[in-house]
Amino acid sequence: MSGHNSVSRHRERNSTADRALEILAMFTDSQPVVSGSLVADRLGVARSTGYRYLQSLVSARFLEEAPGGGFRLGLRILELARLARKTLGLSEIAAPIIEELAHDSGETVVLTRRTGDLVVCIDRAESQRHAVRSSYERGTVLPVNAGASATILLAWNDPEEVRQILSRAKLERFTDDTLTDVDELLARMAQIRSDGYAVARAEVDPEIVGIAAPIWGSRQGEVVAAISVVGIGSRIPPKTERKLIAKVRLAAAHISERLALVQG
């Protein structure tokens, strides 16, 4: 009999938790305050029961009574949001988006960022349809003068700062299409700023095409990372390239939005 009571109490606790989550999910931009009657109606319970759920959430500081009546989100929610922001890094934020882009495009997707004078690959997602052997492995330091990712990460910086970075770096020529002249690189980056994306063909690896777009930070004009699709050139004719450019730019916009939300 005691075992039966324990199971009943466990189910009741689960039910209460489910109802609490349902209540918290009612809050939206257009519904920042909820009333006891709305909660009761949405949950399909008596108003006294709905009010009891609300008071439990108030006691736990997940909700608080709003000045004009009803209930709004409480300070405990803000505390949890702060903890979530601390534990979520760029890779975690971008992971589901780069995985989706790899699946949708059928190509490898690479996430890169710049640290000082270095460009580093911080994550990648593989397509199940096509595998690509390239220089873009996690943790790899990439050249600053070659590839779509590197040029995207530099393009929105002050041109004089970029000139200094390029002047300090060893501008290695990997293929016949690699640019090593600083003025030519600066002109290319000006075009990238105008286009909003970068396309690089056989600049780092022969036969490899990279299509990259910027991921924006919280400050105006701040590029914090780049997302790129990397594939074999023979699989990416001009028509496919245009489609991939649109997909990469959309994925970059989604990551930027999620990053802005997390950073507050």
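**Exercise 1. Work out the handedness and the angle class of the crossing between α7 and α8.**

The crossing of α7 and α8 is right-handed, a term used when the near helix is turned clockwise from the far one by less than a right angle, with anticlockwise giving left-handed. Before going on, please note that this is a predicted model, in which local features need pLDDT of at least 70 and side-chain atom pairs count only at pLDDT 80 or more, while totals for chains, interfaces and linings use all residues. Residues are numbered from 1 along each chain as its sequence is written, and side-chain values use heavy atoms, with hydrogens and water left out.

Step 1: find the helices. Helices are DSSP runs (H or I, at least four residues), strands are E runs of at least two, and both are numbered from the N terminus. Helix α8 covers residues 182-195, and α7 covers 159-168.

Step 2: take the axes. The axes of α7 and α8 come within 10 Å and cross at roughly 140°. Axes here are lines fitted to C-alpha atoms, for helices over the stretch in contact, and angles run from 0 to 180 degrees between N-to-C directions.

Step 3: classify the angle. Under 35 degrees counts as roughly parallel, over 145 as roughly antiparallel, 65 to 115 as roughly perpendicular and the rest as oblique. That makes α7 oblique to α8.

Step 4: list the contact, meaning heavy atoms within 4.5 Å. Pro159, Val162, Arg163 and Leu166 of α7 meet Val182, Asp183, Leu185, Leu186 and Met189 of α8. By class, 7 of these residues are nonpolar, none is polar and 2 are charged. Here Ala, Val, Leu, Ile, Met, Phe, Trp, Tyr, Cys and Pro count as nonpolar, Asp, Glu, Lys and Arg as charged, and the others, Gly among them, as polar.

**Exercise 2. Describe how α5 packs with α9.**

Step 1: read the axes. Helix α5 (residues 90-105) and helix α9 (residues 238-263) have axes that come within 10 Å and cross at roughly 160°. The two helices are therefore roughly antiparallel to each other, and their crossing is right-handed.

Step 2: look at the residues. Among those of α5 in the contact are Leu90, Ile93, Ile97 and Leu101, and the α9 side includes Leu244, Val248, Ile255 and Leu259. The contact of α5 with α9 has 13 nonpolar, 2 polar and 3 charged residues.

**Exercise 3. Decide how α2 and α3 are oriented.**

Step 1: helix α2 (residues 36-43) and helix α3 (residues 47-59) have axes that come within 8 Å and cross at roughly 110°. The pair is therefore roughly perpendicular.

Step 2: Gly36, Ser37, Val39, Ala40 and Leu43 of α2 make the contact with Arg47, Gly50, Tyr53 and Leu54 of α3. These divide into 5 nonpolar, 3 polar and 1 charged residues.

**Exercise 4. Find the aromatic pairs and say which parts of the chain they link.**

Step 1: apply the rule. Rings of Phe, Tyr and Trp (its six-membered ring) pair if their centres lie within 6.5 Å; planes under 30 degrees apart count as stacked, over 60 as edge-to-face and the rest as tilted. The count comes to 2 aromatic pairs.

Step 2: Tyr51 and Phe71 are edge-to-face, at 6.2 Å centre to centre with 65° between the planes. Tyr51 lies in helix α3 and Phe71 in strand β2 (residues 71-73), so this pair ties together parts 20 residues apart in sequence. Phe71 is buried at 6% relative accessibility, while Tyr51 is partly exposed at 42%. Buried means under 20% relative accessible area, exposed over 50% and partly exposed in between (1.4 Å probe, protein chains only).

Step 3: the rings of Trp156 and Trp216 have centres 5.2 Å apart and planes at 80°, so they are edge-to-face too. Trp156 sits in the loop between α6 (148-155) and α7, and Trp216 in strand β7 (residues 208-216), 60 residues apart.

**Exercise 5. Locate two non-glycine residues with positive phi.**

Step 1: Arg61 has a positive phi of about 70° and lies in the loop between α3 and β1 (63-65). Arg61 is partly exposed, with a relative accessible area of 39%.

Step 2: Glu207 has a positive phi of about 75° and is found in the loop between β6 (198-201) and β7. Glu207 is exposed at 55%.
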